[in-house]
Amino acid sequence: MTDSCTSDVIGRRVEVNGERATVRFSGIVPPVAGLWLGVEWDNPNRGKHDGSHEGTVYFKCRHPTGGSFIRPNKVNFGTDFITAVKNQYVLEDGLEEDGKKEIVWGNKPVKTVGFDRLIKVKSQLSKLENACLQGCTISCAGDEGVIAKTCPNIKTLDLSENLLSSWEEVTRIAEQLQHLEVLILSRNKLRFPSDSPSLTGTFSMLKVLVLNRTEITWAEVLACASGWPVLEELSLESDGIFISERPTNVLQTLKLLDLSSNQPMDENQLFLIAHLPRLEKLNLSNTGISSIHFPDAEIGCKTSMFPSLQYLIVNDNPISQWSFINELDKLQSLHTLSCMRIPVVGVPDSKAAQTARQFIIAKIGQLKMLNRQEIEPGERHGAELDYRKAFGNDWKKAGGHQDPDKNRPSRDFIAAHPRYQLLCLKYGAPEDEELQTQQPFVIKKQLLTLKIKYLNEVGQQVLEKQLPDSMTIQKVKGLLSRLLKAPVSELQLSYESTKMPGREIELENDLKSLQFYSVESGDCLLVRW
């Protein structure tokens with residue numbers, strides 16, 4: 001309690017037998033004599049009460065069993081920054097009695113064979129650029145100026161799961177690290193200023209800031225953000241964030257924002273951050289969001305919101321309506337989407353999930369990556385054709401027609417399928433034969449009549465073959481290999497569709513079938529080797 005790091009104990013972060021807590025009270029608790037500390041545990045099941053004893057309230061806890069009274073000598077108030085750095089990185093030389101050289105790494109002796117270079121590197125703290133001090137019980141900066149003298153070149157600093165209790169103490173550390181670019185503070189329950197702190201240039205180089213589980217509020221984010229002039233990545237996972245106001249003149253350089261596990265999140269909160277000009281990646285996983293509508297964009301138009309957003313993550317949310325997916329097509333820069341474990345997609349690896357993937361690809365025209373899988377041109381081609389066919393009868397019933405002059409689908413159909421008309425322009429309106437319902441329980445191999453053109457042989461006559469639509473690309477290559485007397489490994493296949501003349505679609509996956517790539521009778525296989 002006499003250490004400089006343990007002054008003003010109320011609000012201090014402490015550790016007791018590996019469990020972290022916050023000091024809420026210091027004083028006498030009758031009838032037992034002596035000084036007691038009242039602590040609120042991070043793990044609410046660790047305590048015994050809510051801060052009351054025999055009818056007297058000494059402090060308050062958020063959980064009825066979150067509090068305990070502990071003697072000060074049982075509490076670890078932590079250590080200063082430089083002590084933790086030395087414990088983590090400095091290897092001290094020593095001599096055993098027999099003269100053999102050894103080193104001590106923490107408290108453990110280690111043989112020095114082959115370690116000479118390591119000792120030299122580890123001891124030169126002035127050259128240290130990446131410092132991982134996770135879980136080192138750091139509670140304060142220590143003596144003024146010592147960090148700047150000892151390890152001034154740190155660029156990446158991980159201070160997660162320590163005993164830091166305030167943003168002010170973090171600033172005391174960071175102001176001595178002029179090159180600091182990445183700062184990780186996860187699982188430190190910090191007190192943040194409610195007003196904008198004075199601009200000192202402490203974080204003038206900071207590009208990445210991780211504040212997961214620090215209990216920071218959105219108002220506190222905006223208050224501190226004026227001190228982060230070049231910040232590009234900000235992570236606020238599990239902070240109980242509720243976006244209450246629009247960032248004004250702050251966070252304008254932000255490219256990545258992680259808001260995952262902050263519930264409940266809705267579209268009105270998102271609209272407050274929708275005009276961050278450089279935001280490219282947004283993580284909304286497990287936020288409870290279920291719907292979104294961009295009011296400034298009509299069907300088929302692009303929204304002015306999130307102008308730079310390329311990568312969106314909405315995993316683990318109650319998204320059960322396709323209208324959510326439809327709206328994402330309005331985002332002008334979106335090319336990567338992760339929407340795993342949401343109701344509209346269904347059970348992973350099921351037939352319904354495979355169909356849902358096709359529908360998402362067809363609904364979002366500029367998408368290039370879906371659920372960590374690249375969308376190849378052939379997959380997009382097949383997905384759009386299948387989607388066009390799947391909803392062809394609905395389109396006709398709603399007023400759709402092959403004759404452009406008679407094609408007037410209802411507004412409800414267009415709202416449910418915003419890109420359908422565009423797909424009809426791209427591939428042609430679905431013909432009646434395509435929309436005929438296949439008779440159930442009929443096992444039939446569809447034979448495709450295909451033209452085959454060998455591009456390596458000038459003047460070669462175009463062949464015509466009938467192939468089953470279930471035939472894999474690998475088997476097609478085997479057939480062509482025998483015809484051409486060419487190694488299978490050297491053959492490259494693509495095809496031209498009669499519905500898209502002049503456009504070549506690669507058949508890249510040997511395990512997929514002709515049907516997967518939506519190859520139809522009359523199409524032309526192109527062969528190179």
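The accessible surface of the protein chain comes to about 27,400 Å², and 49% of that belongs to carbon and sulfur atoms (areas by the Shrake-Rupley method with a 1.4 Å probe). This is a predicted model, where local features need pLDDT of at least 70 and side-chain atom pairs count only at pLDDT 80 or more, while totals for chains, interfaces and linings use all residues. Residues are numbered from 1 along each chain as its sequence is written, and side-chain values use heavy atoms, with hydrogens and water left out.

On to the overall build: the protein chain holds 13 helices and 27 strands (DSSP runs, H or I of at least four residues for helices and E of at least two for strands, numbered from the N terminus). Its radius of gyration is 32 Å, well over the 24 Å that the globule rule gives for 529 residues, so the chain is more spread out than a compact globule (taken over C-alpha atoms; the rule is 2.2 Å times the number of residues to the power 0.38). The C-alpha trace spans about 95 × 65 × 45 Å along its principal axes.

As for the inside, 45% of the 529 residues count as buried, meaning under 20% relative accessible area with a 1.4 Å probe, protein chains only. The largest nonpolar core has 85 residues, with Leu234 and Trp228 among those having the most contacts inside it; such a core is a set of buried Ala, Val, Leu, Ile, Met, Phe, Trp, Tyr and Cys residues joined through side-chain atoms within 4.5 Å. A second, separate core of 34 residues includes Tyr427 and Met500.

Technical notes:
Buried < 20%, exposed > 50% of the residue type's maximum accessible area, 1.4 Å probe, protein only.
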